[in-house]
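Subject: A structure for you to look at

Hi,

Here is the structure I promised to pass on. Please open it alongside this email, and then read on for what turned up.

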Amino acid sequence: MKTGIICGICRGSMKLKQRAVAVMVGTAITTALVLMILTVDLKPVSMFYQSVRVQSVQGGPVVEDGQQVRAGDHPVHLRRQLGKSASRSGGTAANLTVARHTHELDPLADSAGRHEHKDTAYRKTNSRTNAEGPAHPRDPRTRRTRPKGFPDEGNFYNSDHKWLRTQPEQTKPNTGKYEKLMSLPSAVSVPSKTEKLIRLKKPKGKHEFKILESFQLGINRFEVYSNTSVIDDLLEYLMTHPIYEVDEKSGGTQVKLILTFEDGGHALFKPWRVPREYETLPNHFYFSDIERHNAEIAAFHLDRILDFRRAPPVAGRWFNLTADIYDLADSGLRKTFFRSPANNICFVGHCSYYCETETAVCGKPDMIEGSVAAYLPSFKAAPRKTWRHPWRRSYSKHRTAVWEQDPTYCERSVMTKHPYKTGRRLLDLMDMSVYDFLIGNMDRHHYETFEAFGNFTFPIHLDHGRAFGKHHQDELSILAPLFQCCLLRESTYKRLQLLATEEYLLSDVMRESLSRDMIFPVLLEAHLEALDRRLQTILAQVRRCISRKSEKAVLKPEPRMEDYKEPEPSAKTGETYEEEEY
Ligand SMILES: Nc1ncnc2c1ncn2[C@@H]1O[C@H](COP(=O)(O)OP(=O)(O)OP(=O)(O)O)[C@@H](O)[C@H]1O
Ligand SMILES: [Mn+2]
């Protein structure tokens, strides 16, 4: 009994002690938090929120002239939507005045003059070498210092030999075929009152939409941009606009970066990995092929030539890995930079394929080409739905897909299911098959659509980094959707026939379209020749289908929206092509 009471008192005092310790720990944590808050530089953060009078369509801040925002001040949710890592060490940019650099990239100039122009254009827009003074001067007090091993600008790394670039091949003269093709009316008829993907409230007072905003505002259920819109301005913006910050993009298998421009616009950067002459290794599967920035650019041009306009615009650009990437990157990405034994600046980034030291991205010594794709509106502003492609390959070393074994796959399986039964989607997949066969893209495992437009809308043509891998080989299996279903839009067939004529010869039109790009020649002539050859194969395939069935059964008019009916909810749940992780 006595010991019981004593133990009770003991326990009581133990509890008191525990409480006292808990209170002390609590106080210590609170004090530490208060101290941290006091020491963190909050001013720029609050300035960011005050200064963002306009929310850009991609969700990021639209920087007005003369305003200041702190790098990395996108809210966390936005960073996630952009696929950026949620944490970063933000730097401070001293002056974010939007410096728009026009350059005299004259597409009609003769080719010798054009190359000179491009060089001048690059020199002008590069942040470190602007002839008219720095494009965005940084406060030396806030500029992050380079670690040992990285030279300061103004010495060796600014010497002229870094401007050496791939020497253009002996190119054929421009014969005006591309301009002639582009002046033809488009087969895509967009109703004048069609709803747009996003709407942006124009703030009171004078406000002009920025160039990337205008592009995003133009996206509708039929196309990413119209054939009358001035997409050349957007391409020039992608090629020249000063970069403000750089982040790694998560997702996917290979390294790619999100560029934020000084006016708040975003773009997806894929770096040069292999020379133009490189061909997919014979023992490499399509899924282990290295990505090519020039394939992204060429695929965009072909999509436009085919009159689809379902791919976001992509331009080539020269980068100084030190000034345009390293200096503007977060600490995570910076840590992966190093100087190679050959004295070149390299980085690896974080990804699952080709992110090893032996497959690093290296400049020469710090100059490198890359592709820059215009960013679509954020997932928040315009959610996208991911669909498993019915003719997806197996992505296994040991298995093949069902469609590879079953010639009746289209009729037996795909045609009976939503959303391929009605509407436009199956015809869109036929277009995609033609497109992928031309560019040699075997990597179409998924595709995306804009959720806002339901199912009567186009699949976005995204991710062509593994296209143009082999110019000497045509991969017929990419045409499986076409020869298994024996269907094609009449308008697509007409366009293909046109591109097979001498007047609008596909290889010539492509060469002339690509000649406007800063990293011209984007493709070797052998790849252009392959386009003509593959086009003949497609046309022969369609003719075979027509002779087997009938013209009416194969060539289809444009499906009308009025005729499209959403399936019953029960049918929807039976979908087999929904998003699926792999
Ligand atoms: N221009 C763009 N604007 C917005 N988002 C984009 C754009 N291009 C690509 N994305 C998004 O980024 C994702 C990854 O891009 P991409 O497919 O090009 O990378 P990847 O590394 O080649 O991927 P994978 O390894 O799966 O082939 C795409 O699925 C798409 O959702
Ligand atoms: Mn890819």
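Let's start at the ligand. By class, the shell around ligand 1 holds 7 nonpolar, 5 polar and 5 charged residues. Here Ala, Val, Leu, Ile, Met, Phe, Trp, Tyr, Cys and Pro count as nonpolar, Asp, Glu, Lys and Arg as charged, and the others, Gly among them, as polar. Of the 17 residues around ligand 1, those that come nearest are G252, T253, A373, L376 and D463; a residue is near a molecule if its C-beta atom, placed from the backbone, lies within 6 Å of it.

Before going further, a word on reading the model. This is a predicted model, in which local features need pLDDT of at least 70 and side-chain atom pairs count only at pLDDT 80 or more, while totals for chains, interfaces and linings use all residues. Residues are numbered from 1 along each chain as its sequence is written, and chains are lettered from A and ligands numbered from 1 in the order in which they are written.

How confident is the predictor? The mean pLDDT of the chain (the predictor's confidence in each residue, from 0 to 100) is 77, and 70% of the residues reach 70 or more. Over residues 38-168 the pLDDT is below 50, although this stretch has 187 contacts in the model beyond near neighbours in sequence. Two residues are in contact if their C-beta atoms, placed from the backbone, lie within 7 Å. Residues 573-582 also have a pLDDT under 50. The model scores ipTM 0.97 and pTM 0.74.

Now the overall layout. Of the 582 residues in the chain, 40% are buried. A residue is buried if 20 or more other C-beta atoms lie within 10 Å of its own, exposed if 12 or fewer, and partly exposed in between, with C-beta atoms placed from the backbone.

The chain is divided into domain 1 (111-374) and domain 2 (384-573), with bounds that come from an automatic or database domain assignment. Between them, 51 residues of domain 1 are in contact with 46 residues of domain 2. On the side of domain 1 that touches domain 2, the largest share, 10 residues, comes from α8. That side divides into 22 nonpolar, 9 polar and 20 charged residues.

A299 is in helix α8 and counts as buried, because it has 26 C-beta neighbours inside 10 Å. Leaving aside neighbours within four places in sequence, A299 is in contact with A311, I439, H464 and A467. K17, in helix α1 (residues 2-39), counts as exposed, because it has 10 C-beta neighbours inside 10 Å.

Finally, take a look at helix α15 (residues 490-499), whose buried residues are T492, Y493, R495 and L499. Why are they on the same side of α15? They cover an arc of only 160° around the axis, which puts them there; the arc is that of the directions from the helix axis to the C-beta atoms. These buried residues pack against α13 (425-439), β11 (488-489), α16 (506-514), α17 (525-548) and β12 (555-556).

Enjoy exploring!

How values were computed: Helices (H or I, at least four residues) and strands (E, at least two) are DSSP runs, numbered from the N terminus.
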